[in-house]
Amino acid sequence: MSENKNRSVIANEKIDNSKLTNAAKIILRLQQELKKYINKGYGPFMAAVYDDNGNLIARAVNSVVNKSCSNNHAEMNAIRLAEKKLGTYDLSKYNLSLYVTSEPCMMCLGGIMWSGIKAVYYGVSSKRVTKITGFDEGFKPKWFDEFKKRGITVYGQIEQDAGEQVLQDYVAQGHTIYKPNR
């Protein structure tokens with residue numbers, strides 16, 4: 001795991017270094033893979049669903065802009081693919097974890113909660129996503145605590161520096177920053 005100076009990983013449980021090390025590897029891999037998808041017109045977020053044996057169940061990228069659908073966030077796309085692959089809307093019996101290059105937005109938090117995902121590991125915090133890109137991540141009061149009450153583990157700000165670089169490159173390359181006019 002690379003050094004995240006001035007920022008540390010946060011979690012809604014006592015940090016387990018083996019979980020964190022595994023999550024860092026997966027998130028870094030997603031961030032690297034995301035770069036090629038950005039060049040194909042996809043948005044700057046990627047997510048993957050893994051089972052507790054480390055098997056990849058589904059991986060997806062944000063496709064809001066190129067598919068003209070506001071709910072095609074990476075998390076929602078990955079969950080949708082996992083549900084299709086496993087043939088169920090209730091993923092809880094599979095003990096699955098979701099790995100995301102950035103903190104889930106308000107919509108994705110609902111989708112994660114209702115899907116039955118058991119753990120969420122993410123890279124860049126919403127605060128940094130908003131500062132870098134201007135995306136509106138939504139109002140998310142005490143979501144770490146709410147997920148904990150529901151038995152969903154959360155680790156965040158994993159490999160945040162690497163993820164921020166991907167977002168900065170996305171913006172610098174002039175890709176679409178999608179958000180509705182208010």
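Helices (H or I, at least four residues) and strands (E, at least two) are DSSP runs, numbered from the N terminus. The model is predicted: local features require pLDDT of at least 70, side-chain atom pairs count only at pLDDT 80 or more, and totals for chains, interfaces and linings use all residues. Residues are numbered from 1 along each chain as its sequence is written, and side-chain values use heavy atoms, with hydrogens and water left out.

**View A. Trp143 and Phe147 within helix α6.** These two residues are four apart, about one turn of the helix. Rings of Phe, Tyr and Trp (its six-membered ring) pair if their centres lie within 6.5 Å; planes under 30 degrees apart count as stacked, over 60 as edge-to-face and the rest as tilted. Nine aromatic pairs are found in a search of the whole structure.

**View B. Tyr122 and Phe144, an edge-to-face pair.** The ring centres are 6.5 Å apart, with 90 degrees between the planes. Tyr122 belongs to strand β5 (residues 119–124) and Phe144 to helix α6 (residues 143–149), so the pair ties together parts 22 residues apart in sequence. Tyr122 is buried, at 1% relative accessible area (buried means under 20%, exposed over 50%, partly exposed in between; 1.4 Å probe, protein chains only). Phe144 also counts as buried, at 15% relative accessibility.

**View C. A cluster of tyrosines.** Ring pairs link Tyr50, Tyr99, Tyr121 and Tyr155.

**View D. Lys40 and the ring of Tyr37.** The charged end of Lys40 sits over this ring, 5.8 Å from its centre (the criterion is NZ of Lys or CZ of Arg within 6 Å of the ring centre and within 35 degrees of the ring normal).
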